[in-house]
Amino acid sequence: MEAAPTVPARDAQRAPVGNIEKQPSVYADVQSDGKSESDVDEPITDLFASFPALKGVPLEKNPLTVRAVLTGIVLGSLVNASNVYLGLKTGFTFTATMFGAIFGNAIILLLTKAFPGVPGIGTPFGPQENSIIQAAATGAGGMAGMFVAGLPAMYRLNLLSEDPKADFPRILTITIVCALFGLFVAVPLRKFFIINVARELNMVFPTPTATAMAIRSMHAVGSGAADAMKKIKALGYCFVGAFLHIVVSQYADGILHNWHVFTWFFLWSGRSNWALNIENWGWYIQLTPAFFGSGILVGLNAAISWWGGTLVAWGLIGPLLVHYGECVGKAIQTEEPEKWKGLMNFNSLSGLNKPGYVPSPRYWMLWPGVLVLIVYSLVEFVLHFRIIYDGAKLAFRGMAVTINNGLQARGKSSPFFEKHAAKADDETSLLQDFATKDQQVPTWVWISGAAAVMVVSCLVCHFQFNINAGLAILACILGFVFAFLSIYGGAVTDTTPLTASAKASQLVFGGITKGHMSVPDAQRVNLIAGNIASGCAAVANELTSDFRVGFLLRTPPHLQFYAQAIGTLVSIFIAPGVFVLFMAAYPCVWNENASSDHCPFKAPSVVAWKAVAEAVTLPSIPISLSCAIFSIVMGVIAALQAVFKNFYLVGEREKYRQWLPNWMAIGVAWVLGVDSGYANAILIGSIVGWWWQKRSTKSFEIYGFSIAAGLIAGEGFAGVVNAALTLGGVDGNKIGTKIALPGESW
């Protein structure tokens, strides 16, 4: 959860990236193409230096082209819309990095072949322009996180109006603050993370590095170009196939999309209670291309952890809680009550404030899930807090250099500043930045931009949300601090700890507002300020990772910044627009009174944000003693594992980390509720990916990520189309068949 955690590349796929320094000739073109040794591209032997230029590829004088930016915006917008759909489904979002790189390459190649030599359209296409496409796509693909988490939570707590469309101006302004502040503060973070400390802290940036390698290989002469076409075709076919499947399957949901196998057994075996009981606990198969694709990416550890968490919660703990009377379910009303007698819903979250409330299993499991997410991510946060100290230290040394040079220019000196300036000059971890001074983003641009956005945030919070300007400034500062830890986590492990940022911000503002304002006002501050802090961190993290791609491919950073800025401006309008579309089509997401047993969106991030906002602001929350004890025990276990991993499983023992359970995935499984469909799909996808890679590593490297990216983006975009069909009254609920679904007429 990132608000919605970004799904990383699978561990097995990352391994070659991490070990690339040990390989003598990675990415050297094979000489079987008839090249002499002098024609072969230089091998990549250092992941902390910009890649050598490709032989046979002409110098790109100005890679920032109109066609590149427009292509990136279109692709990023697809990812943005997809992420709102996917994030509301399971709380996960996906970056536009590899999707923009591969699909962008395909689009420009088609243009160059269709309009050869036409200025601006059919001119030669190189790796730096490809990275500009990816930069614009990254900018346009961001900002979905707040729309699948904190913002819908505000509606569930009745903190905004009763119509999301009426709130569009307020939604737009808060999006502007998050997007632009994250954009501007990403500029200095490039120098710190990519140039200053990357080598010292072994910050490989696995997914951005893999993206840069993919772009480089697609532009290589010979075998690289052939592999590029294979990737492009695989991505395109999977995108179209997933899109068509999701749009068409809604008209025969029980046949083409969700296979309720135990419901079939129930009817075919003369209404056996055992089969219906398993169905009640959400065990079925969902044919979801996106989460099959995500299984290919995340690897076996995360997939098994998610599935195992689902099994423990809804195959063991939940049934035991109901059996011993700790929790209860609710009978589902059907048109044929005798036929479906015993069909139950264990996902209810209503009636919390009623006397004698007995929770549902989902509500009981919600709290250990939320506590695991908070505790594990915050412990990791604290254990890596050194990165903040390093940032402050290097920033101070840089300031010392500036002050010392100024003093010396006037014939003066200061032993204090000389000492710290000398430390900066002696810094051995600095990398050589290929970019000259005129290729850097001017300092005045990002400083004045960040300051202006901070002023805007004060005005927005004061006039639109009745929040103190000081709290708005604090939210922006926390966003900058959280960006440090998020970028560090993603650069080292490829798992971005944005959940820690979100929950930490909620805890900070919960402590500030506790006892100083009414509960609704405290919850409003908690969620708005939390959205700003985590949203700024998310944008800064994505754009800094994007700068890593440009650093490796030698794309001038100021051109990347302009492409990012244009894409980010587009995302400001795309994400709120798609959000309002989904809220209009599916009121059950934001209005609990409109929720139904068959709401297509579980919205786990929304539930988690709402639960934490209530926990830190309400005098008391109805949590049973058994739930509280279990939650604390699970939180302690998760914390101990984080400490064990970071202090004991290091060096030669680091290889054993892959055997530890992924508590973030387990927490999501518990928050998600009684539903095994996504867990089954991700597990199957991860097993297929693991088997495929074992059987043919070369084939997996060519097709694996492309297929996964196509499946994910295809289903996500189809979800947007389905929302429009729902608003038009021509979706599967209106004109499709519900045969083979539980509770329906067969």
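I739 is partly exposed, at 34% relative accessible area. In this predicted model, I739 sits in the segment after α26 (732-735).

**Whole chain**

- The protein chain has 746 residues, and 59% of them count as buried.
- Its secondary structure comprises 26 helices and four strands.
- The accessible surface of the chain comes to about 29800 Å². Carbon and sulfur atoms account for 64% of that surface.
- Take the contacts between residues at least 6 apart in sequence: 82% of them join residues at least 24 apart.

**Buried helix positions**

- A708 belongs to helix α25, which covers residues 697-727.
- The relative accessible area of A708 is 0%, so A708 is buried.
- A708 touches G293, I296 and L297, once neighbours within four places in sequence are set aside.
- A708 and I296 are separated by 412 residues in sequence. In space, their C-alpha atoms are 6.4 Å apart.
- S457 is part of helix α16, residues 443-465.
- S457 has 1% relative accessibility and therefore counts as buried.
- Beyond neighbours within four places in sequence, S457 is in contact with V177, A472 and C476.

**Aromatic pairs**

- A search of the whole structure returns 30 aromatic pairs.
- One of them joins W259 and W264, with ring centres 6.5 Å apart. The planes of W259 and W264 meet at 50°, so this pair is tilted.
- W259 is partly exposed, with a relative accessible area of 33%.
- F291 and Y678 form a tilted pair, at 5.1 Å centre to centre and 50° between the planes.
- This pair links distant parts of the chain, 387 residues apart. F291 lies in helix α12 (residues 289-323), and Y678 lies in helix α24 (residues 677-695).
- Both partners are buried: F291 has 1% relative accessibility, and Y678 has 3%.
- Ring pairs also join F99, F103, F239, F243 and F717 into a cluster.

**Charges over rings**

- R653 lies over the face of Y648, at 4.1 Å from the ring centre.
- K89 is placed over the face of F601, at 5.3 Å from the ring centre.

**Check questions**

- Is A708 buried or exposed? A708 is buried, because its relative accessible area is 0%, under the 20% cut-off.
- Why is the pair of W259 and W264 tilted? Planes under 30 degrees apart would be stacked and planes over 60 edge-to-face, so the 50° between W259 and W264 makes the pair tilted.
- Which helices hold F291 and Y678? F291 is in α12 and Y678 is in α24.

How values were computed: Residues are numbered from 1 along each chain as its sequence is written. This is a predicted model: local features need pLDDT of at least 70, side-chain atom pairs count only at pLDDT 80 or more; totals for chains, interfaces and linings use all residues. Side-chain values use heavy atoms; hydrogens and water are left out. Helices (H or I, at least four residues) and strands (E, at least two) are DSSP runs, numbered from the N terminus. Buried means under 20% relative accessible area, exposed over 50%, partly exposed in between (1.4 Å probe, protein chains only). Contact means heavy atoms within 4.5 Å. Rings of Phe, Tyr and Trp (its six-membered ring) pair if their centres lie within 6.5 Å; planes under 30 degrees apart count as stacked, over 60 as edge-to-face and the rest as tilted. A charge sits over a ring if NZ of Lys or CZ of Arg is within 6 Å of the ring centre and within 35 degrees of the ring normal. Accessible areas come from the Shrake-Rupley method with a 1.4 Å probe; for residues, only the protein chains shown count as cover.
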